[in-house]
Amino acid sequence: MAIRLEKGQRINLEKESGTKLTNFCVGCNWGAIIEKKFFGLSTHVVDVDLDLSCMMFDAAGNVVDHIWSPLYNFRGKLPQGKLDSNDHALHHTGDDLTGDQNGDDGLDNEIITVDLNRVNPNVNSIVFFLNIYNNSEYSGDFSGIPYASIRMFEGTPNRPPKQVFAQYNVATKTECAGKRALVMGKLYRHNGDWKFAAIGDAFEDRMITLTIARVARDYSK
């Protein structure tokens, strides 16, 4: 059974067999919004663009590395987005701009794969966060996005998960209503082992730059 993550919860990265969880995916799943038009006689699909990102910090709280969509243009004010960490321990599958168009297909729309054995020794923590891109199609919040969720699972990005280790259901969390950014959780080193802390702090940030600054300021240690 997958762990249903709750805000502030801390978990050991151990499988049911007792072995360490070192290779896994952090994935975000969501659906497009189907609006009914003309008294329900027709429908309109509203594209929803969620962006899954992460930042890596050393023990002093300094930024070591980052992953976020290369499609963002920060005009030199922030580093350009990229899909791979410098140590190649983390890889992002790419920006999904629409969400599932025909219902949940069982696959996550954006995934960051993680190999803890390859993480740079200087990296002490990895913080994952989620933003709604402020496009012309959807200007609402998490509560209006069908089955929006984040989960940690064993497997590969292009197949349904072998085993879901933990899941955070964004769409149904009352603290996410009215919010457009979520600091999901943090992988961190503790006495030589990796652990995970579910943060679950949601904010009204309408631009990812605000969330990036917030993560660097408030969640780096």
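Which residue is the bridge partner of C25 in β11? In β11, C25 has F153 as its bridge partner, and the views below walk you through the surroundings. This is a predicted model, in which local features need pLDDT of at least 70, side-chain atom pairs count only at pLDDT 80 or more, and totals for chains, interfaces and linings use all residues. Residues are numbered from 1 along each chain as its sequence is written, and side-chain values use heavy atoms, with hydrogens and water left out.

**View 1. An open sheet of six strands.** The strand order is β1-β12-β11-β3-β9-β8, with mixed pairing. Strands are DSSP runs (E, at least two residues) numbered from the N terminus, and two of them pair if DSSP finds at least two bridges between them. At the edges are β1 (3-4) and β8, each of which pairs on one side only. Three bridges join β8 to β9 (residues 110-115) in the antiparallel sense, and here H92 stands opposite I112.

**View 2. Strand β11 and its neighbours.** On one side, β3 (residues 23-29) pairs with β11 in the antiparallel sense over five bridges. Strand β12 (residues 163-168) also runs antiparallel to β11, joined by five bridges; there, R151 has Q167 as its bridge partner. Six of the six residues of β11 are buried (under 20% relative accessible area; exposed is over 50%, partly exposed in between, with a 1.4 Å probe and protein chains only). In a regular strand, side chains alternate between the two faces of the sheet. In β11, S149, R151 and F153 point one way, while I150, M152 and E154 point the other.

**View 3. Charges over rings.** R151 lies over the face of F153, at 5.4 Å from the ring centre. K173 sits likewise over Y168, at 5.1 Å from the ring centre. The criterion is NZ of Lys or CZ of Arg within 6 Å of the ring centre and within 35 degrees of the ring normal.

**View 4. A cluster of aromatic rings.** Ring pairs link W68, Y72, F74 and Y133. Rings of Phe, Tyr and Trp (its six-membered ring) pair if their centres lie within 6.5 Å; planes under 30 degrees apart count as stacked, over 60 as edge-to-face and the rest as tilted. The structure holds three aromatic pairs. Y72 and F74 are stacked, at 5.6 Å centre to centre with 10° between the planes, and both are buried. The rings of Y72 and Y133 have centres 5.8 Å apart and planes at 70°, so this pair is edge-to-face. At 37% relative accessibility, Y133 counts as partly exposed.

Key. Helices (H or I, at least four residues) and strands (E, at least two) are DSSP runs, numbered from the N terminus.
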